[in-house]
Amino acid sequence: MNIQINIESKLIEHFDPAHLEVINESFQHNVPAGAETHFKVVLVTPKFDGKRLINRHRAVNAVLKEELAEQIHALALHTYTDIEWEGLYGGAPSSPACRGGSKRKVS
Amino acid sequence: METIDKIKQQIAENHILLYMKGSPKLPSCGFSAQASQALMSCGEQFAFVDILQNPDIRAELPAYADWPTFPQLWVDGELVGGCDIILEMFQQGELQPLIKETAEKYPQEDA
């Protein structure tokens, strides 16, 4: 899990994402069990506003430069702005607010 | 010829060029397979280089392209992107006009 966690923390630090998924897809490939070589990243951030796809991917590749050079064999990238993401999937539904649970004062 | 000059020449002479693993008919990588499939669907001729057969290009192109992985699609001398970008552009309907316009721009050649 080390490489995956490392990718996640670097992307959070650099892109302040509204939504981030880092998925280890290595099991789909011809590598030993438990390998961390093939990843898929879904990254949603307002920092991609007005940026072409190639520049978004280059920005991610630059942040993960060391990992790409030494550890990661394949990196599938799906990059969206907040607005594009909402347009695609409507965003994930918001979780409901807390109503107090067992600490709720009944008057 | 130096590898870097070979790369520059390939990009200059082939206006629609895919660097991939294997060939469009027999791809050796899922990402290269998807990319070449999308490109073939555009219906124009394109050139490809199998980087598994050309380890020198495989080693040097990423630095020249500022792009770490394969496949890489080059159109009219510029890097368009890798597999995800090619597929997303194809699904958005942006790849087809780009390929068509480029093919029309260089009608005398094999693209």
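**Cores and sheet in a predicted model**

Mentor: In this predicted model, the largest nonpolar core has 39 residues, and those with the most contacts inside it are B:Leu18, B:Tyr19, B:Leu61, B:Leu73, B:Trp74 and B:Leu95. Local features need pLDDT of at least 70 and side-chain atom pairs count only at pLDDT 80 or more, while totals for chains, interfaces and linings use all residues. Side-chain values use heavy atoms, without hydrogens and water; residues are numbered from 1 along each chain as its sequence is written, and chains are lettered from A in the order in which they are written.

Trainee: What makes a set of residues a nonpolar core?

Mentor: The members must be buried Ala, Val, Leu, Ile, Met, Phe, Trp, Tyr or Cys joined through side-chain atoms within 4.5 Å, where buried means under 20% relative accessible area (1.4 Å probe, protein chains only). A second, separate core of 17 residues includes A:Ile3, A:Ala59, A:Leu64 and A:Ile72.

Trainee: Which residues does B:Leu61 contact, leaving aside neighbours within four places in sequence?

Mentor: They are B:Ile7, B:Tyr19, B:Phe70, B:Gln72 and B:Trp74, contact meaning heavy atoms within 4.5 Å.

Trainee: How do you know that E2 and E3 of chain A pair?

Mentor: Pairing requires at least two DSSP bridges between strands (DSSP E runs of at least two residues). Seven bridges join E2 (residues 38–44) to E3(A), and the two run parallel; therefore they pair. One bridge partner of A:Lys40 lies in E3(A), namely A:Ala76.

Trainee: Why are E1 and E3 of chain A at the edges of the sheet?

Mentor: The open sheet has the order E1-E2-E3 (chain A), with mixed pairing. E1 (19–24) and E3 (74–80) of chain A each have a single partner strand, so one side of each lacks a neighbour in the sheet.

How values were computed: Helix = DSSP H or I, 4+ residues; strand = E, 2+ residues; numbered from the N terminus. Buried < 20%, exposed > 50% of the residue type's maximum accessible area, 1.4 Å probe, protein only.
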